[in-house]
Amino acid sequence: MEDKGTLWLPENASTYAGDVDALFYFIYWVSVVLFILVIGAMVYFAYKYRRRSEADRPQPIKESKLVEASWVVVPTILVAIVFTWGFQVFIKMGVAPPNAYEITVRASKWNWLFEYPNGARSNELHVPVSRPIKLKMSSIDVLHSFFVPAFRTKQDVVPNRYTYVWFEATRQDTFQVMCTEYCGQQHSTMLSQVVVQSQGDFNTWLAENLIDESATPAERGELLYNQQGCFACHSLDGTTGSGPTFQGLSGSQRAFTDGTTATADANYLREAIINPAAQVVQGFAPVMPGQYGTTLTAEEIDALVAYIQEQ
Ligand code: CUA
């Protein structure tokens, strides 16, 4: 059954999306009815009591206890309904079922990295269908926000702490992931996908994405280049991004904003990953996150250096 959503809401593909939508449409229709009543009364009264001559003066109006009571009681009841209903949905969305499958999410400028219990990693979130998935999320730099419109799943991803969100996808398909908190220059390109698969396909995919121990350092570096999102700023084809391209970088002369220069040897590349603010290449701003020295292992840094040296 293909569901393309409505004018107001996107397609609906998680177990709690229907609860969110029902509450949304309740508030929507209550608002439509109140809008028509209020604006209708206003237009009607403006016409009925319009001034007809110079001598026309307003007549004193007697209060109506019924009308006054109704505009206190009716909104109070509506607000109580919306609060109770909304709180129930909020709790349902906030508390993951105890059997949920946990995936770690690491957000960075401008990349999503997903880590699975067996050690596999990916930039696209792969999940089995009809199974609760709990995401344990943190950011290595600034505030990001994980948003899957089709699941009605949205949660801030914050540095120095974990935030959690869960969902259960209801059908096998591919859904858009967005960053929905402004996080810098390339915020709008911080996109990914959720690939919802059968449990069998998911298991096969997981096994295939385990880190290959027989890979060369440069091959592992290529994997890291993609997983860590280096490509967001460092191109391989000579295009200038937020950072210098990796094409022809190794061995070249680098001129820095402080007027010094250096040859881009292995030590320079290693230092530029671990401590990017120490020497900023002319023409670039010091925007690279400084956490890679702690979030990457020594072996991973070696692999990235080896990969950059091959470009
Ligand atoms: Cu990350 Cu916007």
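**Reading salt bridges in a predicted model**

Mentor: Start with one pair. R171 and E11 form a salt bridge, with their closest N and O atoms 2.6 Å apart. Keep in mind that this model is predicted.

Trainee: Why does the pair of R171 and E11 tie together parts that are apart in sequence?

Mentor: Look at where each partner lies. R171 sits in the loop between β8 (163-167) and β9 (174-179), and E11 in the segment before α1 (17-48), so the bridge ties together parts 160 residues apart in sequence.

Trainee: Are R171 and E11 buried or exposed?

Mentor: Both R171 and E11 are buried.

Trainee: What is the general idea behind such pairs?

Mentor: Side chains of opposite charge can pair when their charged atoms come close. Here is another case. R152 and D21 meet through their side chains in a salt bridge, 2.7 Å from N to O. This pair also links distant parts of the chain. R152 is in the loop between β6 (144-148) and β7 (153-157), while D21 is in helix α1, 131 residues apart. Both R152 and D21 are buried.

Trainee: What is the N to O distance for E63 and K65, and are both buried or exposed?

Mentor: The side chains of E63 and K65 form a salt bridge at 2.4 Å, N to O. Both residues, E63 and K65, are exposed.

Trainee: Which residues do salt bridges with shared partners join into one network?

Mentor: R106, E115, R121 and E300. Shared partners join these residues into one network.

Trainee: How many salt bridges does a search of the whole structure find?

Mentor: The search finds 8. R171 with E11 is one of the salt bridges in this structure.

How values were computed:
Residues are numbered from 1 along each chain as its sequence is written. This is a predicted model: local features need pLDDT of at least 70, side-chain atom pairs count only at pLDDT 80 or more; totals for chains, interfaces and linings use all residues. Side-chain values use heavy atoms; hydrogens and water are left out. A salt bridge is a side-chain nitrogen of Lys or Arg within 4 Å of a carboxyl oxygen of Asp or Glu. Helices (H or I, at least four residues) and strands (E, at least two) are DSSP runs, numbered from the N terminus. Buried means under 20% relative accessible area, exposed over 50%, partly exposed in between (1.4 Å probe, protein chains only).
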